[in-house]
Amino acid sequence: MVFSLFIGKFTIAPGDLFQLMLFNLIGVETSHPSVYSTVIFEVRLPRILLGMLVGASLSVSGAAFQGIFRNPLVSPYILGLSSGAAFGAALSLAVAPQFPVQLSALFFSLVAVGFAYYIATSRGSTPVISLLLAGVIVSALFDSLLSIVQMAVNERALQSIVYWLMGSLASASWSKIHSSFPLAFIGCVTIFLLRWRLNVLALGDEEARSVGMNPELYKAVFVLAASLAASSVVSVAGIISFVGLVIPHMMRMIFGPDHTYLIPLCITSGAAFMVLVDDIARAGMGFEVPVGVITTLIGAPFFAYLLRSTRSGGWE
């Protein structure tokens, strides 16, 4: 985070940055030009904090879903969350601009997850396989609806939709942080407080019942918490792929599968990873690249490695 404050086309010396941060913290006027404060407190700091929030939320959600499905190849978008958010954002950008993009994307992402969970639930039970298949169905449904919207709009609206789908932190602001933080905080804290129960769920439903735990109840709790965390940040940053897949599995490979340690590690490493990737996206080339493109370039080879190294895509 501190390192990223220095990255950008506008150069600020470490001493000036320290004085700006200190004076702003204690409420003392500074002699530095106002542009210094604008660059730090209105451009870089909101973007860094939003990146940390996005990375932490997606990583924790990915870890929770991987524990529920007992599969390291699962991401937070497995139940159609990204497809629902994309459709909601497209509706707002192209059809109903009077509705905020963030609110529309958040609403339809939660609708998609809820619909998938409803389809998969039968007689009070929600098998993991049914949940997975329901996610595929819902994703296909909302992808089709998104295609219809893209076909019906003009070129300018289509460009806005495509750019949103790439995922970016370029439009980060304090208002986006304030609006997305509450749901992300609720989802992440819920998963953090109940993280040891993911160890039991990862053993399977029968094993969970044998130790007196209600697997259906906790599956619903974790799906809701993970969906809240992921949808809240997707609604402000767009579709950022592979973060929720790569970071949890990487932490599991290094530190082991115990969710008691895995969840807090995903929070910190996910936040750091997203800020680092955003630094590359905004300063690594002569032009800014959407951060979702960079995460895909990093995540796709890693995903291929997982498919090659994991036995039949299983949990072992």
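No disulfides are present in the structure, which is a predicted model. A disulfide is a covalent bond between the sulfur atoms of two cysteines. For C188, the closest cysteine sulfur belongs to C266 and lies 10 Å away, which is too far for a bond. Because a disulfide requires the two sulfur atoms to be within 2.5 Å, a separation of 10 Å excludes a bond between C188 and C266. Both cysteines fall below the 20% limit that defines a buried residue: C188 is counted as buried because its relative accessibility is 12%, and C266 because its relative accessibility is 0%.

Helix α4 comprises 20 residues, 101–120. The distance from its first C-alpha to its last is 29 Å, close to the 28 Å expected at 1.5 Å a residue. The buried residues of α4 are S104, A105, L106, F108, S109, A112, V113, A116, Y117 and A120. These buried residues pack against α3 (81–95), α5 (128–152), α6 (155–166), α7 (174–193) and α10 (215–237).

Helix α11 spans residues 243–255 and contains 13 residues. Burial in α11 involves V243, G244, L245, V246, I247, P248 and H249, together with M251 and R252. The residue that follows α11 is G256, which has a positive phi, near 100°.

Open space in the model was also examined. Rolling a probe the size of a water molecule over the atoms shows where empty space is left. The largest pocket holds about 300 Å³ of space, and its lining consists of 14 residues. Nearest the centre of this pocket lie I7, G8, K9, R282 and E288. Two elements, α2 (34–69) and α12 (259–283), each give two or more residues to the lining. Of the elements, α2 gives the most, with four residues. By residue class, the lining of the largest pocket is divided into seven nonpolar, two polar and five charged residues.

Conventions: Residues are numbered from 1 along each chain as its sequence is written. This is a predicted model: local features need pLDDT of at least 70, side-chain atom pairs count only at pLDDT 80 or more; totals for chains, interfaces and linings use all residues. Side-chain values use heavy atoms; hydrogens and water are left out. The expected span of a helix is 1.5 Å times one less than its number of residues. Buried means under 20% relative accessible area, exposed over 50%, partly exposed in between (1.4 Å probe, protein chains only). On a 1 Å grid over the protein atoms alone, a cavity is a set of points where a 1.4 Å probe fits but cannot get out, and a pocket is an open set with protein on both sides within 12 Å along at least five of seven lines; lining residues have an atom within 4 Å of a point. Grid points are joined across faces, edges and corners, and a volume is the space filled by probe spheres set on the points. Ala, Val, Leu, Ile, Met, Phe, Trp, Tyr, Cys and Pro count as nonpolar, Asp, Glu, Lys and Arg as charged, and the others, Gly among them, as polar. Contact means heavy atoms within 4.5 Å.
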